[in-house]
Amino acid sequence: MVNSTNEYNLLAPLLFPIALILGLVIAPGINSSDASILIVLSPLVAFPIILISGQIYNGNDKWKNNLKEGGIIAVSALLIPLLVSIWIIGDNISHTDGHSIITWLSDWIEFQVLEENYVLDQGRTLGIGVWIDSITLMLIFVASFLCFLICWFSMGYMNTDPINENRNHRFYAEFVLFAMGMFGMVLADNFLWLFIFWEIMGLCSYLLIGFYFWKESAAKAAKKAFLTTRVGDVFLMIGLFILYDIYDSLEFSVIFDDPSLQGTVDSTKLFWALLLMFVGAVGKSAQFPLHVWLPDAMEGPTPVSALIHAATMVNAGLYLVARMVPFVVTGDGYNGVEGLDDLGLIIAWIGGITAFMAASIAFVQNDIKKVLAYSTMSQLAYIFTGLGAAIWLYNNNHYYAGTIAFGASMFHLFNHAMAKGMLFMASGSVIHEVHHAHDHIHHENEDSDHHFDPQDMRNMGGLASKLPITATAMMIGSMSIIGIPLIGGFWSKEGIIAETWASFFYSEPIMLGPAILVLLTAGMTGFYMSRMWFMTFAGAPKSEVVNHVKENTPWIKEPLVILTLISAFSGILLSLFGVVDYLAGKSDHLSYKEIIYTLEHAFIPEDGKLMIIGWTTMFLSSIIGPIYASRVHGGPLNDDQKSNFLISWLVNLSGKFGKQDVSDLSKSSLANALQERLYIDDFYDWLISKTVIPFSHFSAWFDKNIIDGIIKQIESRSILSSLQIRKITTGKARDYILMTAVGMLSIFILAWGASR
Amino acid sequence: MIEPSWIAGLGVILFGIGLLGAFLHKNAIVVLMCIELMLNAANLNFVSAAMHYGDVSGWVFTAIAIAIAAAEVAIGLAILLSMYSTQETISLEAADILKN
Amino acid sequence: MILTILVITPIFFGLGLILLPHVLQKNMAENIRNITKNISLGVGVALFAISTFFSITSLGGIEWLNISLGDFQLKEEGISLIPSIGTSWKLGIDALSLPMVWLTTMLIPVSMLVEWDAKDSHYFHPLLLILEGAMIGVFVVLDLFVFYLFWEMTLIPMFFLILMWGGEDRKYAAMKFFIYTFSASVVMLIGILIMYFYTTSSETMTGHTFDMIVMINNTELIPSIGLRHLVWLLLLIGFATKMPSVPVHTWLPDAHVQAPTAGSMILAGVMLKMGAYGFLRIAVTAFPGSTVVFTPLLIFLGMVSLVYGAWVCMGQTNLKRMVAYSSVSHMGLIFLGISTMQPLGIAGALFMMFAHGIISPLLFAVAGAFKHHYHTLEIGSMRGIAHHSPWLSGHMMLGWMASLGLPLLAGFVAEVAILISFWMTFGWLVLLPTMTLVITAVYYLSSMQKTIFESNNPHSAILPDTMKGEEPRDISWHENVGMLILASFTVIFGILPFIYWDMMADWSSEIMNILSEEMRIRGIKP
């Protein structure tokens with residue numbers, strides 16, 4: 001392992017993008033929007049450069065040590081989008097009048113359409129441009145910031161693992177290609193290009209999950225991920241076709257501004273279009289029933305899980321649904337589109353079910369990454385619930401409540417992305433160091449050659465003293481996910497739960513289901529996140545390996561520290577600036593609000609019922625869940641171990657609530673069913689092996705034996721009959737003469753008869 | 001004056017004998033002779049027609065036909081000889097390599 | 001002149017290179033044989049340069065946007081071949097044929113490169129040149145007699161390619177290919193002759209002419225509607241067999257599996273498109289009424305080819321056979337595109353022809369490389385090939401992804417265009433073709449999984465038995481260059497489809513003007 005603190009001098013190439021962007025900022029006549037094309041272009045150009053030079057210089061010392069097998073190129077290429085997006089945000093945050101559009105290729109393809117009256121409608125186009133509004137700004141920042149940080153992290157995580165040697169260029173190339181897809185999707189100004197980049201991300205997800213392509217499990221997981229999302233994507237495609245049919249365009253500006261929204265739209269068609277698009281979102285964001293791919297996707301390298309399967313790509317589905325919200329919002333005093341209530345209810349229900357299901361499966365997972373995967377699924381489901389509630393509220397003319405639900409959902413997306421990206425990186429740090437420690441021991445005593453899983457939390461425990469930075473980061477991240485008051489996710493989660501209940505209180509009984517589910521899930525989140533932390537960091541070490549763990553891999557700490565700070569403070573800071581209203585489009589800029597006002601708003605809402613809900617949530621998630629987890633898994637460190645002051649209080653506290661034995665519970669059939677992921681994967685496998693596979697074999701058989709068989713029958717029958725006819729040729733001259741004579745005679749007779 | 005139809009009748013009889021002989025006999029030489037007989041039947045018809053119409057071309061045709069028949073017989077006999085040398089028989093029953 | 005050069009040069013050089021060594025002295029003949037493939041490649045590249053040149057100028061100066069039916073560019077006419085029956089050497093190019101000509105000239109040098117080391121290459125490469133001339137001829141001639149000549153002429157080199165350089169079962173495959181397509185084109189010939197006998201011309205002895213422009217510009221050439229339908233069906237049989245469409249597709253898998261790599265590439269890349277080209281050029285253009293009437297038949301054929309082809313694909317264990325069936329499946333989309341009776345759908349079908357012409361040769365080049373380097377095409381007989389052949393695996397990944405319709409690769413635009421218009425015309429029926437996209441993804445991913453991934457060993461692959469201890473290696477430089485060219489065009493036309501899309505869209509609008517008129521007369525709703 002390269003262990004030097006002087007590696008930062010390798011970052012010198014980063015000066016180039018900084019200089020470039022600074023030059024652009026200073027240069028007259030260029031504004032941030034013009035530069036937005038750089039966000040997509042820079043990773044797109046870096047992709048072939050890294051891939052091809054990696055193929056050529058593989059094994060070269062300079063390539064390996066100075067360029068980190070392409071890592072430095074990737075980081076530089078990702079710094080440009082980050083700087084440009086910060087520039088764009090700086091330009092737009094104070095004054096967006098709703099949205100702005102920049103055009104790149106206005107007519108990507110041009111065509112005509114035959115109208116009902118047999119006239120060709122000229123000049124239809126499917127173009128591409130940039131759409132910037134508050135959601136775009138938020139997401140482009142999340143995407144570019146996390147891409148940059150996680151790429152940085154990868155240089156530590158990937159390059160120090162000997163198994164990756166001479167393969168990392170593939171990782172970095174696919175990584176930047178993914179970044180291109182994500183940036184493009186966020187910026188696209190129409191649904192077609194949103195879909196195009198969406199699919200590019202799907203491809204990269206496939207490639208990166210299958211990074212360890214020789215592992216059967218990884219290859220299978222990659223295939224599963226691609227195919228499952230593909231099912232959703234196909235429905236999304238149909239949804240887009242319907243949408244195009246309704247509006248004759250797929251551009252946001254046309255669709256959202258269309259006056260026909262005021263009630264003349266065929267609402268059945270619109271409902272189906274949006275529902276099918278939602279199915280696509282379900283696939284991409286791993287919601288029930290297309291959620292099966294996400295846990296398996298953890299086969300990929302941990303940075304991939306952090307970036308794609310926690311922080312960015314899985315948000316694509318949410319982004320799509322967020323783009324569906326304007327269909328029901330046209331301002332105050334509008335009565336909504338008939339039928340779209342059902343859409344909101346469906347989305348909320350899917351969200352509620354997934355949140356609850358994923359949280360309960362997370363209870364029994366022992367793989368640290370699997371816990372986080374199910375947690376991701378569950379948190380995304382929260383956001384879906386919030387969006388569903390927002391759609392319902394908007395559509396029923398509850399504009400104010402709708403904006404809170406919508407804004408809180410988007411804000412939760414931000415908080416969750418930051419926290420979960422960081423949690424995955426922290427788990428990567430844990431896995432990496434445990435793995436490394438294991439290899440270390442393994443070298444010393446050869447006889448201990450048993451199977452060891454560095455991701456299994458049952459091999460950990462007591463790591464708080466060994467990995468202080470990681471432990472702190474993970475604690476803050478977990479708190480943000482749980483929603484401990486004042487930290488990160490609290491500010492958004494409260495809003496989602498409250499508004500889901502609010503839509504129930506506004507006399508929609510069907511909303512009770514999701515409302516109860518998300519409330520319960522809040523408590524469950526408190527349990528499984530705390531369980532993960534306690535199992536990993538608190539208590540006595542559960543295996544020998546733990547004693548050899550050290551936190552000394554380069555490049556890993558910086559992203560953790562930065563994201564820890566963001567997770568801890570961004571929630572309250574942004575709330576102070578009214579981010580919820582801004583994201584929901586209610587106000588066009590961030591403006592500072594009094595701290596007292598904000599706190600009051602969060603803890604003592606005017607509506608008494610909502611206040612009860614809020615406090616129940618806090619009670620469940622911050623007190624019941626963690627305490628129960630500490631009773632099962634908590635405990636102080638060994639006496640000779642010390643942890644830093646940020647986490648020692650928690651470690652010590654976790655031992656104070658007594659001990660509870662759950663071995664009986666963990667052997668119950670319910671726990672077993674949860675271990676088996678509620679048998680949903682098995683059911684799909686069974687279904688496919690019973691329907692698709694036999695039918696394909698039947699088709700192949702049918703083609704070979706029936707269709708080609710008929711052709712072959714024609715062939716063989718004609719050969720047979722020609723064999724029969726052939727017998728006439730005896731080869732004897734006499735017979736031929738006879739035939740000639742008879743033939744001549746008959747011709748004469750015929751001619752004679754004809755002449756009569 | 002002999003009626004042309006009589007000569008034509010003779011031609012038909014000769015042709016019939018030649019035809020029957022050609023596919024009833026096994027011996028290749030006899031068959032060859034029968035073919036000659038058929039040719040000559042045709043020649044006879046030519047000659048009689050030429051006489052009847054006073055046209056020379058019939059005689060010319062006959063002369064050419066006889067010349068060609070001579071050449072043909074020469075080739076036919078050569079084939080038979082080579083057949084005899086390879087198969088040691090000139091029976092037509094044996095000559096069926098064109099079969100199927 | 002330029003089109004004549006495009007047609008004649010390759011045939012001339014091809015025949016010359018094959019025949020010349022037989023009449024020269026032994027030493028010289030040997031010398032010429034040694035450089036035959038270099039000369040062939042040179043000719044191929046030169047023709048590619050020519051066709052690229054006039055494709056590019058088409059983007060600039062010339063009025064390509066005005067290409068409409070019967071308005072052919074680079075027109076050449078005059079030389080009368082057989083005056084008595086009214087056939088003449090008449091060439092022209094329009095938005096339908098230009099991309100196809102470009103595709104042909106591009107594919108020939110690429111396939112030469114991929115199969116650079118073919119045995120007896122002093123026959124192999126010239127045969128490809130002859131094939132090229134014949135195929136370009138099919139696309140540019142404007143005389144049905146010459147069209148038919150070239151149409152049949154493509155069979156001869158392909159027949160020999162399969163027969164002499166094919167796999168184990170090549171005789172059967174070559175015969176099947178020849179008889180199948182030949183008998184179908186005889187049916188087509190009947191249709192052409194019926195059309196011929198309804199033309200009038202004062203200059204010929206028979207009083208008829210084979211001039212294609214005369215035939216296709218007069219939609220009421222044949223007065224009887226019933227006879228028109230009959231001719232349309234005869235033509236359909238001929239062209240659908242070539243495309244091929246279910247149920248007359250079974251020659252394709254056999255021919256592909258046995259054909260040499262270059263043969264498969266050209267067969268899939270261009271020869272299948274000749275069917276679609278002929279259908280659009282003659283059947284649809286000359287008989288718009290029949291096309292409108294028989295739309296349900298087209299939907300049926302297209303849908304069955306697409307869906308059934310995909311399912312059959314999934315049941316295959318032979319890589320090349322699977323790719324061949326996927327061609328059947330994609331050709332079904334072309335019929336679906338035409339059947340939508342929307343300019344967008346027809347343009348999508350045209351672009352599908354073009355895109356599939358780039359993608360499927362890449363697929364066959366990859367499959368051929370498997371055969372060449374691993375001596376087997378059985379999916380599942382090997383694992384983890386990516387360890388030893390990273391370039392091959394990369395090309396496989398790109399080709400497979402392009403074929404399953406990944407955005408920003410050539411096939412996507414066509415697919416989306418066809419499916420959007422399919423929804424506009426047929427509504428929820430669109431579920432069938434879109435669901436097929438999932439099936440497509442399943443068989444492509446599974447086949448990739450079972451060949452290049454999953455060796456369960458971080459450093460080496462599970463090699464097939466057919467290797468017999470041979471050291472596994474990556475593709476050679478010439479294969480790699482060939483595949484790289486195809487791969488880069490796949491990406492280029494995926495990102496910048498408008499290079500050819502615009503003219504295709506114009507062409508389809510023009511034909512839609514005629515078709516919509518027929519629809520209005522018959523009261524068929526768009």
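Me: What covers the buried residues of helix 10 of chain C?

Reply: In this predicted model, the cover over the buried residues of helix 10 of chain C includes helix 6 (155-165), helix 7 (170-198), helix 11 (261-286) and helix 14 (319-339) of chain C.

Me: What makes helix 10 of chain C largely enclosed by the rest of the structure?

Reply: Helix 10 of chain C spans residues 251-258, and eight of its eight residues are buried, so the helix is largely enclosed by the rest of the structure. The buried residues are Trp251(C), Leu252(C), Pro253(C), Asp254(C), Ala255(C), His256(C), Val257(C) and Gln258(C).

Me: Why is Ile647(A) called buried?

Reply: The term requires 20 or more other C-beta atoms within 10 Å. Ile647(A) has 21 other C-beta atoms within 10 Å, and Ile647(A) is therefore buried.

Me: Where does Ile647(A) lie, and which residues does Ile647(A) touch?

Reply: Ile647(A) belongs to helix 24 (residues 645-654) of chain A. Not counting residues up to four places away in sequence, Ile647(A) touches Ala464(A), Ala471(A), Thr472(A) and Met475(A). The C-alpha atom of Ile647(A) is also 9.7 Å from that of Phe537(A), although 110 residues separate the two along the chain.

Me: Why are helix 4 of chain A and helix 5 of chain A called roughly antiparallel?

Reply: The angle decides, and the label applies over 145 degrees. The axes of helix 4 (residues 71-92) and helix 5 (residues 134-157) of chain A cross at roughly 155° and come within 9 Å. Helix 4 of chain A and helix 5 of chain A are therefore roughly antiparallel to each other. Their crossing is left-handed.

Me: Which residues of helix 4 of chain A and helix 5 of chain A meet, and how do they divide into nonpolar, polar and charged?

Reply: Among them, helix 4 of chain A supplies Ala74(A), Leu78(A), Leu82(A) and Ile89(A), and helix 5 of chain A supplies Phe141(A), Phe145(A), Phe148(A) and Trp152(A). The residues of this contact between helix 4 of chain A and helix 5 of chain A comprise 16 nonpolar, five polar and no charged.

Me: Which members of the largest nonpolar core touch the most other members?

Reply: That core has 460 residues, and Ala74(A), Leu78(A), Val176(A), Leu240(A), Val325(A), Leu387(A) and Phe351(C) touch the most other members. Apart from this core lies another, of six residues, among them Ala28(B), Val31(B), Leu92(B) and Ala95(B). Leaving aside its neighbours within four places in sequence, Leu240(A) is in contact with Phe191(A), Leu192(A), Phe195(A), Leu250(A) and Met277(A).

Me: Which of the two pairs of chains in contact shares the most contacts?

Reply: Chains A and C share the most contacts. There, 53 residues of chain C are in contact with 44 residues of chain A. Helix 20 of chain C gives the largest share of the side of chain C that touches chain A, 10 residues. That side of chain C has 36 nonpolar, 14 polar and three charged residues.

Me: How many residues of chain B are in contact with chain A?

Reply: 10 residues of chain B are in contact with 10 residues of chain A. The side of chain B that touches chain A holds seven nonpolar, one polar and two charged residues.

Me: How do you know that chain B and chain C do not touch?

Reply: A contact requires C-beta atoms within 7 Å. Chain B and chain C do not touch, and their nearest C-alpha atoms are 22 Å apart.

Me: What describes chain A as a whole?

Reply: Chain A contains 29 helices and two strands. Of its 756 residues, 54% are buried. Its C-alpha atoms fill a box of roughly 125 × 75 × 65 Å along the principal axes.

Methods: Residues numbered from 1 in each chain as written. Chains lettered and ligands numbered in written order. Predicted model: local features only at pLDDT ≥ 70, side-chain atom pairs only at ≥ 80, totals over all residues. Nonpolar A, V, L, I, M, F, W, Y, C, P; charged D, E, K, R; others polar. Core = buried A, V, L, I, M, F, W, Y, C linked by C-beta atoms within 7 Å. Buried ≥ 20, exposed ≤ 12 C-beta atoms within 10 Å, placed from the backbone. Helix = DSSP H or I, 4+ residues; strand = E, 2+ residues; numbered from the N terminus. Axes fitted to C-alpha atoms, helices over the stretch in contact; angles between N-to-C directions. Parallel < 35°, antiparallel > 145°, perpendicular 65-115°, else oblique. Left-handed = near helix turned anticlockwise from the far one by under 90°.
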